[in-house]
Amino acid sequence: MPRQSRRRVAPAGPRRRDRVPLRVVLVPGLGDRMGWLVWLQRQGLRTWRSLGVRTAVFRVGWSSDARFADRTAALLDVVRGYEARGERVVVVGASAGAGAALAVLAEHPTLAAAVLVVGKFRHPDHLPDPVLTYNDVFDESLHAVPRLLERIGPAERARVLSLRSAKDGIVPDADPVLPGAVNERMRVAGHVTAIGFALVFRARRIVAFARAAAARL
């Protein structure tokens, strides 16, 4: 009888880093109290699934009576929960949400990436008093994040992508620029418009950046 050949089966090796599931957690800005607005952002994120990523939304509750540190600790728990499932996590912070993304990076340097979209995370003096009066958590973040930035070193800042508007109109043009990060100006004007633009037309850029950053860990 002819001798049957045996196929050698290669032993299973470690999972390739570029194949590790990527989770995008969006942190909306001050509009997170508006259910319809958060719903729209969730719909924008649904299109990202075609890029092979999983998505989620975390609402800080900027106008609530919570503490900023408590809410970022809750966000960090969410991040660690996804990581425990074998996922790499990128936190995308829109406007005020950028401060929460940076706070998590400061506490958790192995976060795959942080993406800031027209981020407002410092200089409270540039904002009208009513904005801070009705958003206590946001007011607290603007004082806390500048101190937290001192703990984010060059290696971590290289895993931060900051997207800003061509002309914001609400956030001063220089505010979203973070030294040591990858800072890019989008070809769109306006604050709210830029957030929508980023979620729809910068998804591929954000995902590519996050995958490359995760591969360097």
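This is a predicted model: local features need pLDDT of at least 70, side-chain atom pairs count only at pLDDT 80 or more; totals for chains, interfaces and linings use all residues.
1. Overall layout. The protein has 8 helices and 6 strands. Along the sequence they come in the order β-α-β-α-β-α-β-α-α-α-β-β-α-α. A box of roughly 90 × 35 × 30 Å, taken along the principal axes, holds the C-alpha atoms.

2. Of the 217 residues, 50% count as buried. Among contacts with a separation of 6 or more, 68% are between residues 24 or more positions apart.

3. Helix α2, dimensions. This helix runs over residues 68-84, 17 residues in total. From the first C-alpha to the last it reaches 24 Å, close to the 24 Å expected at 1.5 Å a residue. After α2 comes Gly86, which has a positive phi, near 90°.

4. The buried residues in α2 are Phe68, Thr72, Leu75, Leu76, Val79 and Tyr82. They lie on the same side of the helix because they cover an arc of only 120° around its axis. In general, an α-helix has 3.6 residues a turn, so residues three or four places apart point the same way. On the face turned away from the buried side, α2 carries the exposed residues Asp70, Asp77 and Ala84.

5. Helix α2, packing partners. What do the buried residues of α2 pack against? Their partners are the strands β1 (22-27), β2 (53-57) and β3 (88-94), together with the helices α3 and α5 (136-148).

6. Helix α3. Burial in α3 (residues 97-107) takes in 10 of its 11 residues, so that the helix is mostly covered. The buried residues are Gly97, Ala98, Gly99, Ala100, Ala101, Leu102, Ala103, Val104, Leu105 and Ala106.

7. Leu111. This residue sits in the loop between α3 and β4 (113-117). Is Leu111 buried or exposed? Leu111 counts as buried because its relative accessible area is 0%, where the cut-off for burial is under 20%. Leaving aside neighbours within four places in sequence, Leu111 is in contact with Val79, Glu83, Val89, Val91, Val104, Leu105, Arg159 and Leu217. Glu184 is 73 residues from Leu111 along the chain, and their C-alpha atoms are separated by 21 Å.

Definitions and conventions
Residues are numbered from 1 along each chain as its sequence is written. Side-chain values use heavy atoms; hydrogens and water are left out. Buried means under 20% relative accessible area, exposed over 50%, partly exposed in between (1.4 Å probe, protein chains only). Helices (H or I, at least four residues) and strands (E, at least two) are DSSP runs, numbered from the N terminus. The expected span of a helix is 1.5 Å times one less than its number of residues. The arc is that of the directions from the helix axis to the C-beta atoms. Contact means heavy atoms within 4.5 Å.
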